Amino acid sequence: MLRIDRVRAGYGRTAILDDVSLTVPDGAMIAVLGRNGVGKSTLLKAIIGIVPVMRGQLSLDGRDLTRTRTHERARGGIAYVPQGRDIFGELSVLDNLRVAAYATRPKGWPQALEQILDEFPVLRDKRMQRGDKLSGGQQQILALARALMTNPRVLLLDEPSEGIQPSIVDQIAETVCRINTERGITVLLVEQNLDFAAKIASHAYLMDKGQIVRDLPAHDLLSDRDLQHEFLGV
Ligand SMILES: Nc1ncnc2c1ncn2[C@@H]1O[C@H](COP(=O)(O)OP(=O)(O)OP(=O)(O)O)[C@@H](O)[C@H]1O
């Protein structure tokens with residue numbers, strides 16, 4: 001279980017997150033939703049260790065991660081797909097995948113690479129192509145696959161539907177679902193796209209001004225126009 005307990009975090013001396021608590025049970029798919037700039041990305045960055053935690057505690061399966069470094073968290077089983085995906089544009093698809101393996105050196109990575117190419121045939125087809133020549137949807141698939149190369153137990157996804165053609169968004173949703181159900185990987189995603197999040201997540205946390213203001217079954221949010229209006233501006 002990933003546990004975030006009363007976390008305060010931010011940039012320099014400025015706290016963006018204030019007293020944020022949430023839990024992500026093993027195997028769950030949980031969404032954090034909120035308007036632009038409420039601190040969703042900052043939350044994921046605090047979990048992976050790019051943004052320092054000023055107060056509170058983070059733990060995975062009871063192991064305190066609060067003061068550990070990013071690469072230790074990655075080796076400990078947390079993978080992060082940032083907003084915008086951060087594909088290495090000049091590297092081939094294969095090299096994008098290899099880089100992740102070199103970084104965390106999971107055992108048996110060549111087999112893992114073959115398995116990934118079997119699982120994502122589009123990446124096998126495009127394996128020699130530069131990352132920046134892929135479509136937005138293909139880049140998102142590559143970013144997800146790259147995260148899987150580190151053999152994570154928990155996947156943090158920052159707005160996986162952003163910048164993806166509407167016709168491809170469903171494919172991304174299916175891929176994330178498959179990663180969750182077939183590989184048993186726990187997923188914490190942040191989104192502004194309510195439909196996307198409600199389709200795949202079981203539970204939703206609503207964030208506003210750096211705080212968690214509500215949590216509820218994701219599906220219930222779809223029918224609650226007042227909450228949508230107040231916290232998502234839709
Ligand atoms: N590197 C940074 N240095 C200082 N302030 C930052 C930095 N990155 C983000 N912020 C500020 O932190 C606040 C929260 O930003 P964050 O990106 O976490 O929000 P968000 O909910 O993910 O929004 P978006 O959907 O636009 O990414 C904003 O006020 C933003 O300006």
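The following legends describe close-up views of a predicted model. Local features require pLDDT of at least 70 and side-chain atom pairs count only at pLDDT 80 or more, whereas totals for chains, interfaces and linings use all residues. Residues are numbered from 1 along each chain as its sequence is written.

**View 1. The open sheet of four strands, in the order β2-β1-β4-β5.** Strands are DSSP runs (E, at least two residues), and helices likewise (H or I, at least four residues), numbered from the N terminus. Two strands count as paired if DSSP finds at least two bridges between them. The pairing in this sheet is antiparallel.

**View 2. Strand β4 and its partners β1 and β5.** Strand β1 (residues 2–11) runs antiparallel to strand β4 (residues 53–60), and six bridges join them. Within this pair, A9 has V53 of β4 as its bridge partner. Strand β5 (residues 63–64) is also antiparallel to β4, to which two bridges join it. Here R63 in β5 stands opposite L60, and D64 in β5 stands opposite S59. The hairpin of β4 and β5 has two residues between the strands, and D61 takes a positive phi near 50°.

**View 3. The shell around the ligand.** A residue is assigned to the shell if its C-beta atom, placed from the backbone, lies within 6 Å of the molecule. The residues surrounding the ligand are Y11, I16, G34, N36, G37, V38, G39, K40, S41, T42, Q83 and Q192. Helix α1 (residues 40–48) gives the most to this shell, with three residues. By class, the shell holds three nonpolar, eight polar and one charged residue; Ala, Val, Leu, Ile, Met, Phe, Trp, Tyr, Cys and Pro count as nonpolar, Asp, Glu, Lys and Arg as charged, and the others, Gly among them, as polar.

**View 4. The packing of helices α6 and α7.** The axes of α6 (residues 136–148) and α7 (residues 166–181) come within 10 Å and cross at roughly 10°. Axes are lines fitted to C-alpha atoms, for helices over the stretch in contact, with angles from 0 to 180 degrees between N-to-C directions. The two helices α6 and α7 are therefore roughly parallel to each other, a term for angles under 35 degrees. G137, Q140, I141, L144 and L148 in α6 meet I168, Q171, I172, T175 and I179 in α7, where contact requires C-beta atoms, placed from the backbone, within 7 Å. This contact comprises six nonpolar, four polar and no charged residues.

Key:
Parallel < 35°, antiparallel > 145°, perpendicular 65-115°, else oblique. Contact = placed C-beta atoms within 7 Å.
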